[in-house]
Amino acid sequence: MTKRRGQKVVSTLSPLEGRKGLVYARVSTQRQVDEGTGLESQENRCIKDLCASGMPYVHSFLDSYTGEGDFMARPAMRELLAYIDARPGERFLVIFDDLKRFARDTEFHIKLRTAFKIRDVQLKCLNFNFEDSPEGRFVETVFAGQAQLEREQNKRQVMQKMKARLEAGYWTFGTKKGYDMVTHSAHGKLAVPNEEGLTMLKPAMEMFAMGTLVRKIDVCRFLVEKGFWKNQSPEKYIDKLVYMMRDPFYCGDLHYPSWNVSRRKGQHEGVVSLEVFENVQVRLRKDNAGARIRTDITPEFPLRGLLVCTECKRHLTAAWSKGSSKKYPYYYCQNKACGLYSKMFRKEDTEIDFKALLERNTLKPEVDKIVSVVFDRVWEQEVSNMHSQERSAEQKVKTLRNEIRELSDLVIKAKSETLQRAYEAQIEERAKELECLEQTLGGERDLKIPYRTALGKATGMLKSPISIWDTVDTVEKHRLFFFLFEKKLEYAKEGGYRTADLLSNTRLFEEFATANPLDVEAGGIEPPSESVYESA
């Protein structure tokens with residue numbers, strides 16, 4: 001409605017006239033989400049106020065996001081802004097219960113206010129009056145700063161209490177896979193192994209520890225088949241599996257390095273024994289043997305870093321010793337507390353004995369066939385996995401392309417630069433992922449040549465490791481060593497290498513080839529008994 005006064009036109013239209021009411025509510029704790037009362041009470045109060053003022057109520061946007069920081073991380077807030085942007089011809093008022101529900105961070109409070117202002121949206125808070133004046137904006141900033149202070153103080157108090165619980169041996173974060181969080185009369189919230197932890201994860205870790213399940217992908221397949229993980233292919237879970245197998249929580253211990261909580265005995269029961277857990281760590285380190293190769297190895301001392309002292313179990317080092325007329329090469333123990341400290345082992349004797357050991361590890365001719373059979377099966381399995389991964393990648397490419405198209409449309413429709421930048425950042429993130437996937441999918445691959453090369457290299461190392469040792473550089477010598485032997489070798493001046501407790505890949509194939517099939521138990525795979533580890 002307007003009135004003419006001379007040549008001037010004066011508007012008497014109320015700032016709220018013609019607007020529609022949108023309700024925003026948010027809860028900040030999981031307890032409020034579970035009980036369901038926080039959001040409902042906020043929404044009812046806001047709708048009641050809209051009705052009392054005669055403004056039409058249109059829609060509610062309810063957030064259960066419990067994180068801090070950027071308001072664009074809240075799903076309902078994003079939906080609210082997108083809802084407004086999709087209706088440029090309509091005018092809105094957004095109402096909420098308390099200033100703390102709006103934002104609890106001063107910086108993002110101001111940014112969110114600006115985001116609504118450029119959309120010509122009026123704000124109303126039931127517990128605070130917005131005033132568009134210097135004094136009003138100052139008071140609003142003070143209240144926003146106070147809300148941020150309270151949030152940060154609460155966070156500090158919660159973290160202090162959680163750290164105290166961690167130090168007492170109680171897990172205080174989300175539930176671990178294979179466990180349930182239950183309320184215990186004496187302990188409060190306590191992690192307890194559940195059925196999937198005891199009947200699926202426990203035998204999987206035990207079988208990996210003893211070598212029944214050889215590779216990490218084999219463990220993942222076992223767990224997927226048992227239903228421990230669902231909806232994705234086994235190879236998708238390898239990273240999760242490694243994280244779990246390295247977590248001492250699963251053997252009853254607890255640590256949290258981020259808060260300087262060192263490893264200690266937890267109050268919860270472990271899924272596996274400490275012995276099984278440590279055996280798993282040995283297997284994992286074996287898988288990453290390449291990372292153990294020293295960077296200071298030299299051709300003149302190829303065994304440095306591969307030998308340990310029989311008495312103190314420390315590494316033997318190597319150096320040249322000056323004699324009366326010339327220098328002589330030796331390996332020796334440098335641990336001053338060891339009885340063999342500075343006892344010299346002639347380089348020539350040490351390396352001749354090692355080559356003799358390699359010759360004893362030569363693959364017997366009758367075992368050659370089983371190597372090829374095993375290699376064929378593993379290769380076929382890996383090729384199948386590769387094709388499965390390619391199909392998943394192709395589907396992911398289609399999904400990413402669709403998402404990029406949808407986000408591009410949203411950029412065009414967005415009325416604010418803030419929203420446009422948010423959408424553009426999402427497009428850039430998906431475009432990078434798409435580029436990486438498309439590079440991995442390029443072209444057909446002929447696997448026959450790498451198959452023959454890999455088979456020849458593997459069988460060659462097993463048939464005649466000594467011939468390989470003599471022809472490769474020092475780094476390759478170390479890789480060959482970790483291919484053949486489970487651990488570093490003990491060497492003594494009297495008796496040479498102690499090999500009674502060693503298990504090499506060569507011996508493993510020979511055991512497979514010479515085993516009596518009647519001695520192998522039939523039926524399904526059962527978890528290993530404790531006696532297996534006691535005798536290992």
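## Confidence of the model

The chain has a mean pLDDT of 76, and 71% of its residues reach 70 or more; pLDDT is the predictor's confidence in each residue, from 0 to 100. This is a predicted model, in which local features need pLDDT of at least 70 and side-chain atom pairs count only at pLDDT 80 or more, while totals for chains, interfaces and linings use all residues. Residues are numbered from 1 along each chain as its sequence is written, and side-chain values use heavy atoms, with hydrogens and water left out.

Confidence is highest in helix H7 (residues 195-210), at a mean of 92, and lowest in helix H18 (residues 530-535), at 36. Helices (H or I, at least four residues) and strands (E, at least two) are DSSP runs, numbered from the N terminus. Over residues 508-536 pLDDT stays under 50, and the model has 32 contacts beyond four places in sequence for them; a contact means heavy atoms within 4.5 Å. Where pLDDT is low, the predicted coordinates should not be read in detail.

## Strand pairing

Two strands pair if DSSP finds at least two bridges between them.

| Strands | Sense | Bridges | Partner residues |
|---|---|---|---|
| S12 (residues 316-322) and S13 (residues 327-333) | antiparallel | seven | tryptophan 320 and proline 329 |
| S13 and S14 (residues 344-346) | antiparallel | three | tyrosine 332 and methionine 344 |

S12 and S13 make a hairpin, with four residues between them. Elsewhere, three strands form an open sheet of mixed pairing in the order S11-S15-S16. Its edge strands, S11 (307-309) and S16 (496-497), each pair on one side only.

## Aromatic and charged contacts

The whole structure holds 20 aromatic pairs. Rings of Phe, Tyr and Trp (its six-membered ring) pair if their centres lie within 6.5 Å; planes under 30 degrees apart count as stacked, over 60 as edge-to-face and the rest as tilted. One of these pairs, phenylalanine 301 with tryptophan 320, is edge-to-face, at 6.1 Å centre to centre and 65° between the planes. It links distant parts of the chain, since phenylalanine 301 lies in the loop between helix H10 (274-287) and S11, and tryptophan 320 lies in strand S12, 19 residues apart.

Buried means under 20% relative accessible area, exposed over 50%, and partly exposed in between (1.4 Å probe, protein chains only). Phenylalanine 301 therefore counts as buried, at 2% relative accessibility, whereas tryptophan 320, at 44%, counts as partly exposed.

Trp171, Phe173, Tyr179, Phe249, Tyr250, Tyr256 and Trp259 form one aromatic cluster.

## Nonpolar cores

A nonpolar core is a set of buried Ala, Val, Leu, Ile, Met, Phe, Trp, Tyr and Cys residues joined through side-chain atoms within 4.5 Å. The largest has 35 residues, of which Leu223 and Trp229 touch the most other members. H7 provides the largest share of this core, seven residues.

Beyond its neighbours within four places in sequence, leucine 223 is in contact with residues including Met200, Leu201, Trp229 and Leu241. Leu223 is also among the buried residues of helix H8 (residues 216-226). Glycine 227 follows H8 and has a positive phi, near 90°.
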